[in-house]
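A short report follows the display.

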Amino acid sequence: MKALVCILFLFTSVSTFSQATPGTVSFTVTTIDNYKKYSPDHVMAIWVETGSGNFVKTLQVQAGKRKQHLYTWNTKSGGYKVDAISGPTLPDHDKVTVTWNCKDTTGAVVKDGQYQIVTEYTDEHAQGPLTTVPFTKGTSAVKLTPAKQQWFTDINLTYTPGNITGSLQSKR
């Protein structure tokens, strides 16, 4: 009997940690001008990382020929922007909204756990402001509205889990 309980506990623990709930994340942020050399023109990147800081996927890069000045994004992603929204340098600071389908660069739904959306921008040839919004991806919805920061405002993150497929369910 003890062995059966241990096996059930182990199975439950492993399946909980390896579950990959489909879903979507909507993320909105407004950058605030920091009045550097090329202001208000600036380049920007928004990407997803694991809770431990490993790169998952780029969501948007607005940089044109100036993407090399997004130092943190380049270090984390290696400049990887396949499947991301991309475009030229931004002419002004404004609200930006991106969505993430909870998939990595290979198209696989990522495992449930801790993730963060990172936003970086710069309006000079130097490291610019960064903000990170952590959240938990799983079977429960998440709605976050972090407080205004020095260089970022109107931050909103909504995670909506989708249907879980392949889970053990009773069909009575």
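This report covers the overall layout, a set of paired strands, the salt bridges and a pocket.

**Overall layout**

The model is predicted. The protein chain has two helices and nine strands. Read from the N terminus, the elements run α-β-β-β-α-β-β-β-β-β-β. The chain has 172 residues, and 38% of them count as buried.

Strand E3 spans residues 55–62. Seven of its eight residues are buried, so this strand is mostly covered. E3 pairs with E2 in the antiparallel sense, over six bridges. One of the contacts in this pairing joins Ile 46 to its bridge partner in E3, Gln 60. E2 and E3 form a hairpin, with four residues between them. In that turn, Gly 53 has a positive phi of about 95°.

E3 also pairs with strand E4, residues 85–87. Here the sense is parallel, and there are three bridges. Val 61 has Ser 86 in E4 as its bridge partner.

**Salt bridges**

Side chains of opposite charge can pair when their charged atoms come close. How many salt bridges does the structure hold? There are two. The table lists them.

| Lys 76 | Glu 49 | 3.5 Å |

Take the pair Glu 49 and Lys 76, with its closest N and O atoms 3.5 Å apart. Glu 49 lies in strand E2 (residues 43–50) and Lys 76 in helix H2 (residues 71–77), so the pair ties together parts that are 27 residues apart in sequence. Are its two ends buried or partly exposed? Glu 49 is buried, because its relative accessible area is 4% and the limit is under 20%. Lys 76 has a relative accessible area of 34% and is therefore partly exposed.

Rolling a probe the size of a water molecule over the atoms shows where empty space is left. The second largest pocket holds about 180 Å³ of space. Its lining includes Tyr 38, Asp 41, His 42, Val 43, Arg 66 and His 69. Thr 89, Leu 90, Thr 122, Asp 123, Glu 124 and His 125 also line this pocket. By class, the lining has three nonpolar, five polar and four charged residues.

Tyr 38 is one of the lining residues. Where is Tyr 38 found? Tyr 38 is in the loop between strand E1 (23–31) and E2. Its relative accessibility is 37%, so Tyr 38 counts as partly exposed. Leaving aside residues up to four places away in sequence, Tyr 38 touches Asp 123, Glu 124 and His 125.

Definitions and conventions
Residues are numbered from 1 along each chain as its sequence is written. This is a predicted model: local features need pLDDT of at least 70, side-chain atom pairs count only at pLDDT 80 or more; totals for chains, interfaces and linings use all residues. Side-chain values use heavy atoms; hydrogens and water are left out. On a 1 Å grid over the protein atoms alone, a cavity is a set of points where a 1.4 Å probe fits but cannot get out, and a pocket is an open set with protein on both sides within 12 Å along at least five of seven lines; lining residues have an atom within 4 Å of a point. Grid points are joined across faces, edges and corners, and a volume is the space filled by probe spheres set on the points. Ala, Val, Leu, Ile, Met, Phe, Trp, Tyr, Cys and Pro count as nonpolar, Asp, Glu, Lys and Arg as charged, and the others, Gly among them, as polar. A salt bridge is a side-chain nitrogen of Lys or Arg within 4 Å of a carboxyl oxygen of Asp or Glu. Buried means under 20% relative accessible area, exposed over 50%, partly exposed in between (1.4 Å probe, protein chains only). Contact means heavy atoms within 4.5 Å. Two strands pair if DSSP finds at least two bridges between them.
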